[in-house]
Amino acid sequence: MKKLLSILLVAMLAFAAGCAKEEKKETAAVDTLSKIQKDGEFLIGTEGTYPPFTFHDDKGKLTGFDVEIAEEIAKRMKVKAVFKETQWDAMFAGLDAKRFDMVANQVGIREDRQKKYDFSKPYISSSAVLVIPADKDKPATFEEIKGLKAAQSLTSNYGEMAKKNGAEIVGVEGFNQAVELLSSGRVDLTINDRLSVLNYLQTKKDAKIKIADTEDNAAESGLLFRKDSDTLVKEVNKHLDDMMKDGTYEKISTKWFGEDVRGK
């Protein structure tokens, strides 16, 4: 009889612990959104050095596609978007440390990241491109970069792609630095987002780089959150859907890329 009671007690304690864990998980998710609404501020992590997504214009103002998307979401949430700029390689640690509530910085949706973080619905889709000096013919394809020096952010999708193709990685803080190394001949290539590179070529007529190859598969990016941010993610997704339905998203997208670049 005592043994049976012990088994029942253990089972009840385990059930209670499980319920408490689920309640804590749900409360944590609600608290993030509630805190944003209470404070009237939506803290957003971004790089600020990655045109045309997040960068500073000639007057020093933070702007870009991701910045405008995030500002519009905050506006619809009736709160103020407060951007916290940080280097790409510190972005995830900053989110973990609750320095911001969301990251808006072209974060690729990857399975390994989804295990640790929550994502919004895909809000932009693009392909990777191989960028080389304008006066060079090689490498002409992704398969030809083995053993060559590639300027990449160490934790980006494009850095991983360069590694998989056998390139030697030279760490950089952003695309502008990658272009500087490429233009000066200190690296052989960089792999980056097609839309970013096209925008750079449009705005920098004297650019000494060119696109040599384009990846067939398109990659999707999402807004990034701490794990178990279900309520906040749902709220952000609602506003993204509304923006895509009422034409606001297309207007922002066309301004920066000349076309609609939404995800699937």
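Predicted model: local features only at pLDDT ≥ 70, side-chain atom pairs only at ≥ 80, totals over all residues.
I looked up the largest pocket and found a volume of about 580 Å³. I counted 34 residues in its lining, and G108, R110, S156, N157 and Y158 lie nearest the centre. I then asked which elements give two or more residues to this lining; they are β5 (102-108), β7 (124-133), β8 (149-152), α5 (157-164), α6 (175-183), β10 (190-193) and β11 (209-226). The most comes from β11, which gives six residues. Sorted by class, the lining of the largest pocket holds 14 polar, twelve nonpolar and eight charged residues.

**Cores.** I went next to the largest nonpolar core, which has 61 residues. Its members that touch the most others are F42, F65 and I191. I took F65 and left out its neighbours within four places in sequence. The contacts of F65 are then P52, F53, Q106, Y123, I124, Y249, I252, S253, W256, F257 and V261.

**Helix α3.** I checked which residues of α3 (residues 88-96) are buried, and listed W88, M91, F92, G94 and L95. Viewed down the axis of α3, these buried residues fall within an arc of 160 degrees, so they line one face of the helix. I traced what the buried residues of α3 pack against: β1 (41-46), β5, α4 (111-114), β6 (117-119) and β11. After α3 comes K98, where I read a positive phi, near 65 degrees.

Note on methods
Residues numbered from 1 in each chain as written. Heavy atoms only, no water. 1 Å grid on protein atoms, 1.4 Å probe; cavity = no way out; pocket = protein on both sides within 12 Å on 5 of 7 lines; lining within 4 Å. Points joined across faces, edges and corners; volume = space filled by probe spheres on them. Helix = DSSP H or I, 4+ residues; strand = E, 2+ residues; numbered from the N terminus. Nonpolar A, V, L, I, M, F, W, Y, C, P; charged D, E, K, R; others polar. Core = buried A, V, L, I, M, F, W, Y, C linked by side-chain atoms within 4.5 Å. Buried < 20%, exposed > 50% of the residue type's maximum accessible area, 1.4 Å probe, protein only. Contact = heavy atoms within 4.5 Å. Arc of directions from axis to C-beta.
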